[in-house]
Amino acid sequence: MARLRWVQAMLREWAAWIEGFGGGLHSPELDGLPKDTFSLRRTQQAIDRLDPEYQAVLALVYIEGPRANRCNLSQIAEWKGVERTAFYYRVCRAEQKFSEELDFTGKSFEDVKNSMS
């Protein structure tokens, strides 16, 4: 299963925002986002819709791992005591679920926008 580069880019941007907002694995409320960050709003809403298992994997890869200087998936797997292949699959699955939720969230935003016209 291949990782999606555009998903990784969005999640890195989200993680940088989380770190800049004070860190932590639980994201702040959407009201804390600057008004001009539509992409971050969509990202956060998609993450909020994920199962906690997927949220935890994404937080581990994009927030906890980099904070602990463990940016490589193999290093994070070793750090957490998880078999590398199994961990890679979990990351791919979490990113895939995120992309599906992002697509759903994007459609929801479009529906709201169209209903206001």
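This is a predicted model: local features need pLDDT of at least 70, side-chain atom pairs count only at pLDDT 80 or more; totals for chains, interfaces and linings use all residues.
Several positions along α1 are buried, namely Val-7, Gln-8, Met-10, Leu-11, Trp-14, Ala-15, Trp-17 and Ile-18. An α-helix has 3.6 residues a turn, so residues three or four places apart point the same way.

One of the buried residues of α1, Val-7, is also in contact with Ser-99, which touches Leu-4 and Trp-6 as well when residues up to four places away in sequence are not counted. Ser-99 belongs to helix α5, which comprises residues 84-116. Although Ser-99 and Val-7 are 92 residues apart in sequence, their C-alpha atoms are 6.6 Å apart in space. Ser-99 has a relative accessible area of 10% and is therefore buried, since that value falls under 20%.

Beyond residues up to four places away in sequence, Leu-50 touches Gln-55, Leu-58, Lys-97, Phe-98 and Glu-101. Leu-50 and Glu-100 are separated by 50 residues in sequence, while the distance between their C-alpha atoms is 9.7 Å.

With regard to aromatic rings, the structure holds zero aromatic pairs. The ring of Trp-79, however, has the charged end of Lys-80 sitting over it, at 4.9 Å from the ring centre.

Definitions and conventions. Residues are numbered from 1 along each chain as its sequence is written. Side-chain values use heavy atoms; hydrogens and water are left out. Helices (H or I, at least four residues) and strands (E, at least two) are DSSP runs, numbered from the N terminus. Buried means under 20% relative accessible area, exposed over 50%, partly exposed in between (1.4 Å probe, protein chains only). Contact means heavy atoms within 4.5 Å. Rings of Phe, Tyr and Trp (its six-membered ring) pair if their centres lie within 6.5 Å; planes under 30 degrees apart count as stacked, over 60 as edge-to-face and the rest as tilted. A charge sits over a ring if NZ of Lys or CZ of Arg is within 6 Å of the ring centre and within 35 degrees of the ring normal.
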